[in-house]
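Have a go at each one before you read its solution.

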Amino acid sequence: MIKMIYFDLDHTLWDFENNSKSALRLVYNNYRNLLNSINTEAFISTYQKINTQLWDSYRKKEISQEELKLLRFDLTLKTLGIEYNESLIQEINDVYLDYIIKTRNAYKWSKRCFRISLW
């Protein structure tokens with residue numbers, strides 16, 4: 001029987017930043033052959049900067065969510081000077097989304113909330 005359902009707004013229970021970094025490291029490792037001239041941290045920091053800008057454009061209704069999902073990796077690879085096949089962008093995004101939903105990093109203080117609510 002379900003006793004409680006948690007709704008997480010970003011940055012409340014689930015540590016999005018650390019989960020995203022973990023997922024991006026896995027993406028980097030998955031595409032190491034393509035990204036071998038770039039170090040992991042350069043890949044992550046470039047992605048984060050571009051992703052932040054794209055989310056701002058999305059909030060302003062300048063781009064759609066689908067465009068955001070594809071542009072963040074397209075622009076990251078272009079910025080890093082990586083040559084790639086256009087069809088790879090959707091694949092990379094799908095891999096990223098698959099990895100990020102499997103990460104389980106929560107804020108330390110939120111774990112206490114979970115323990116208390118289980119009584």
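This is a predicted model: local features need pLDDT of at least 70, side-chain atom pairs count only at pLDDT 80 or more; totals for chains, interfaces and linings use all residues.

**Exercise 1.** Work out whether Y96 is buried or exposed.

*Solution.* Start with the relative accessible area of Y96, which is 2%. Then apply the cut-offs: buried is under 20% relative accessible area, exposed is over 50%, and partly exposed is in between (1.4 Å probe, protein chains only). Y96 is therefore buried.

Residues are numbered from 1 along each chain as its sequence is written, and side-chain values use heavy atoms, with hydrogens and water left out.

**Exercise 2.** Classify the ring pair F73 and Y96, and say which helices it ties together.

*Solution.* First, the rule: rings of Phe, Tyr and Trp (its six-membered ring) pair if their centres lie within 6.5 Å; planes under 30 degrees apart are stacked, over 60 edge-to-face, and the rest tilted. Next, the geometry: the ring centres of F73 and Y96 are 5.6 Å apart with planes at 65°, so this pair is edge-to-face. Finally, the location: F73 sits in helix α4 (residues 65-79) and Y96 in helix α5, so the pair ties together parts 23 residues apart in sequence. Helices here are DSSP runs (H or I, at least four residues; strands are E, at least two), numbered from the N terminus.

**Exercise 3.** Find the cluster that Y96 belongs to.

*Solution.* Ring pairs link Y96 with F73 and Y47. Y47 is buried too, at 1% relative accessibility.
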